[in-house]
Amino acid sequence: MSKNYSILYAEDNKDVRENYVLYLENYFDYIYEANDGLEAFDIYRDKKPNVLLLDINMPNMNGLE
């Protein structure tokens, strides 16, 4: 995969999120992290990432909303 893509990764578990971000750095130029659904939605509106990887069960707004 080319590294010319950005990803938004939303996960409320900090340890899990940090581990996945380390892995995703191998494949994406820009990685945006969010702690919950509302933060993810704000980042999405502002940054318009190419890929979304969202936890389904998060506080405030889930990954399906």
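Author: Buried means under 20% relative accessible area. This is a predicted model.

Reader: Take tyrosine 9, then. Buried or exposed?

Author: Tyrosine 9 has a relative accessible area of 5%. The cut-off is under 20%, so tyrosine 9 is buried.

Reader: And how many aromatic pairs in the whole structure?

Author: Two, from a search of the whole structure. In one, tyrosine 9 pairs with tyrosine 20; their ring centres lie 5.5 Å apart. The planes are at 40 degrees, so that pair is tilted.

Reader: Where do those two tyrosines sit in the chain?

Author: Tyrosine 9 is in strand S1 (residues 6-10) and tyrosine 20 in helix H1 (residues 14-24). They are eleven residues apart, and the pair links distant parts of the chain. Tyrosine 20 is partly exposed, at 42% relative accessibility.

Reader: What about tyrosine 23 and tyrosine 27?

Author: Also a tilted pair, because the planes are at 50 degrees; the centres are 5.3 Å apart. Tyrosine 23 is partly exposed at 47%, and tyrosine 27 is partly exposed at 34%.

Reader: Switching topic. What sits over the ring of tyrosine 44?

Author: The charged end of lysine 48, 5.1 Å from the ring centre.

Reader: What's the lining like by class?

Author: Eight nonpolar, three polar and one charged.

Conventions: Residues numbered from 1 in each chain as written. Predicted model: local features only at pLDDT ≥ 70, side-chain atom pairs only at ≥ 80, totals over all residues. Heavy atoms only, no water. Nonpolar A, V, L, I, M, F, W, Y, C, P; charged D, E, K, R; others polar. Phe/Tyr/Trp six-rings, centres within 6.5 Å; stacked < 30°, edge-to-face > 60°. Helix = DSSP H or I, 4+ residues; strand = E, 2+ residues; numbered from the N terminus. Buried < 20%, exposed > 50% of the residue type's maximum accessible area, 1.4 Å probe, protein only. Lys NZ or Arg CZ within 6 Å of the ring centre and 35° of its normal.
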